[in-house]
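Hi everyone, thanks for making time this morning. I'd like to walk you through one structure, so please have a look at it with me.

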Amino acid sequence: MDTLAILVAAGRGERLGASAPKAFVSVGGQTLLRRSASALARAGSVGALVAVVPAGCVEQARGDLAGVPKLLAVVEGGLRRQDSVLEGLKQAPDGFTGVVLVHDAARPFVDAAIVDEAAAAAAELGAAIPVVPITDTVKRVVDGLVVQTLDRSELFAAQTPQAVRFELLGRALEEAFRDGVTVTDEAAAVERLGGPVAVVDGHPRNRKITTPEDLAWAERLLAGEGAA
Ligand code: C5P
């Protein structure tokens, strides 16, 4: 196995307003967790898959993921996303030196091509993430007033999977932990070490399901495709 996928699903997903943790919310009759895991497993570059789920939900997740190929382990996550990723990293086989792909369970429509491209770019350069251009003009706002207009041509939204070589990711997350720094993605932890992070083309379909509007979009997408 030269690529290990870590599916982070341990968030509570409060912005979605559901009573269950977000990973167990269904879209088109299947949970976000199962859809995301199946999507990762379809990518040729993925050798094995670790799901990181909310405390107390391991058995439920194992049941939900029954039959998903390449599943290596289901473990409990931590307080922050980066703590959950560290829990996932502990499941890597002894002597593993390949690429780790960290993917949000909240992105169930990721395409295998994006997964494979991110893995290949990270194998070559150390780290790589999918991005999409930002189409709105972006402002910095302080105390209710615009203080700056950013150069849109340089701005991109980061998606997942975030691909980082195993040793580099471990070091980056441990240093962030030691320095008491919270990062919102793995690339930010690598950037702190000064390492390059390459970009590959993401896709609007690889959208993160965060709000009830996102969920409605996902249902429409699946209905339009005959509920895949
Ligand atoms: O909160 P945010 O939308 O950035 O979460 C992105 C992903 O990280 C989600 O799939 C969520 O389940 C996961 N996460 C996690 N452990 C946490 C917080 C978030 O696995 N403690």
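**Salt bridges and a ligand pocket**

Let's begin with charges: across the whole structure, a search turns up nine salt bridges. Keep in mind as we go that this is a predicted model.

If the term is new to you, here is the idea: side chains of opposite charge can pair when their charged atoms come close. Which side chain does R81 meet in a salt bridge? The partner is D104, with 2.4 Å from N to O.

Now let's move over to the ligand. Where does the ligand sit? The space it takes is the largest pocket. There are 14 residues around the ligand, and those that come nearest are V8, G11, L79, S84 and K208. Sorted by class, this shell holds six nonpolar, three polar and five charged residues.

Let's zoom in on the backbone here. V8 has a backbone N or O atom 2.8 Å from an oxygen atom of the ligand. For A10, a backbone N or O atom lies 2.9 Å from a ligand oxygen, and for G11 the distance from a backbone N or O atom to an oxygen of the ligand is also 2.9 Å.

And how much of the ligand's accessible area does the protein cover? On its own the ligand has 460 Å², and the protein covers 82% of that.

How values were computed
Residues numbered from 1 in each chain as written. Predicted model: local features only at pLDDT ≥ 70, side-chain atom pairs only at ≥ 80, totals over all residues. Heavy atoms only, no water. Near = heavy atom within 4 Å. Polar contact = N/O pair within 3.5 Å; in protein donor to acceptor, adjacent residues only side chain to side chain. Areas by Shrake-Rupley, 256 points an atom, 1.4 Å probe, with all protein chains shown as cover. 1 Å grid on protein atoms, 1.4 Å probe; cavity = no way out; pocket = protein on both sides within 12 Å on 5 of 7 lines; lining within 4 Å. Sits in = over half its atoms within 2 Å of the grid points. Nonpolar A, V, L, I, M, F, W, Y, C, P; charged D, E, K, R; others polar. Salt bridge = Lys/Arg side-chain N within 4 Å of Asp/Glu carboxyl O.
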